[in-house]
Amino acid sequence: MQRRDTKQRREVLAYLRSVYTHPRAEDIHEHVQKMIPNITLATVYRNLHILNEEGKIGILEIENQFRFDGQT
């Protein structure tokens, strides 16, 4: 299934590719919200799931928390 390339998804991916840490979804939301003030945490989670399905990011479980890796 072909998905639309949204501004929200591009910002989430750009942020993940710009950092060498493994941020939590809440951290990603906080950063992306500076560029897109009305983005919700649910939208960030949805886009993280889509980006992972597409193989563009990785998901790690560290100390019972999910963290995200854009340096795949």
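Among contacts in the protein chain between residues at least 6 apart in sequence, what percentage join residues at least 24 apart? In this predicted model, the share of such contacts that join residues at least 24 apart is 49%.

**Overall architecture**

The protein chain contains 3 helices and 2 strands, and these elements follow one another along the sequence in the pattern α-α-α-β-β. The radius of gyration of the protein chain is 11 Å, close to the 11 Å that the globule rule gives for 72 residues, so the chain is as compact as a globular protein of that length. Taken along the principal axes, the box filled by the C-alpha atoms of the protein chain is roughly 30 × 30 × 20 Å, and 35% of the 72 residues count as buried.

**Packing of the helices**

Two packed helices are described by the angle between their axes and the distance between the axes. The table sets out these values for the helix pairs of the model.

| Helix pair | Angle between axes | Distance between axes |
|---|---|---|
| α1 and α2 | about 120° | 10 Å |
| α1 and α3 | roughly 70° | within 10 Å |
| α2 and α3 | roughly 115° | within 9 Å |

Helix α2 spans residues 25-35 and helix α3 residues 41-53, and the crossing of their axes at roughly 115° makes α2 roughly perpendicular to α3. The crossing in which α2 passes α3 is right-handed, and the contact is made by Ala25, Glu26, Ile28 and His29 on the side of α2 and by Leu41, Val44, Tyr45 and Leu48 on the side of α3. By class, the residues of this contact of α2 with α3 divide into 6 nonpolar, 1 polar and 1 charged.

The axes of α1 and α3 cross at roughly 70°, and these two helices are therefore roughly perpendicular to each other. In this pair, Gln8, Arg9, Val12, Leu13 and Leu16 of α1 meet Thr43, Asn47, Leu48, Ile50 and Leu51 of α3, and the contact of α1 with α3 has 6 nonpolar, 3 polar and 1 charged residues.

For α1 and α2, which pack at an angle of about 120°, the two helices are therefore oblique to each other, and their crossing is right-handed. Here Glu11, Val12, Tyr15 and Leu16 in α1 meet Ile28, His31, Val32 and Met35 in α2, a contact of α1 with α2 that has 6 nonpolar, 1 polar and 1 charged residues. Leu48 of α3 takes part in the contact with α2 and also in the contact with α1, while Ile28 of α2 is found in the contact with α3 and in the contact with α1.

**Two individual residues**

Tyr20 lies in the loop between α1 (7-18) and α2, and because its relative accessibility is 69%, Tyr20 counts as exposed.

Arg67 is placed in strand β2 (residues 65-69) and, with a relative accessible area of 23%, is partly exposed. Although Arg67 and Ala25 are 42 residues apart in sequence, their C-alpha atoms are 7.0 Å apart in space. Leaving aside neighbours within four places in sequence, Arg67 is in contact with His22, Pro23 and Arg24, and also with Gly58, Ile59, Leu60 and Ile62.

How values were computed:
Residues numbered from 1 in each chain as written. Predicted model: local features only at pLDDT ≥ 70, side-chain atom pairs only at ≥ 80, totals over all residues. Heavy atoms only, no water. Axes fitted to C-alpha atoms, helices over the stretch in contact; angles between N-to-C directions. Helix = DSSP H or I, 4+ residues; strand = E, 2+ residues; numbered from the N terminus. Parallel < 35°, antiparallel > 145°, perpendicular 65-115°, else oblique. Left-handed = near helix turned anticlockwise from the far one by under 90°. Contact = heavy atoms within 4.5 Å. Nonpolar A, V, L, I, M, F, W, Y, C, P; charged D, E, K, R; others polar. Rg over C-alpha atoms; globule rule 2.2 N^0.38 Å. Buried < 20%, exposed > 50% of the residue type's maximum accessible area, 1.4 Å probe, protein only.
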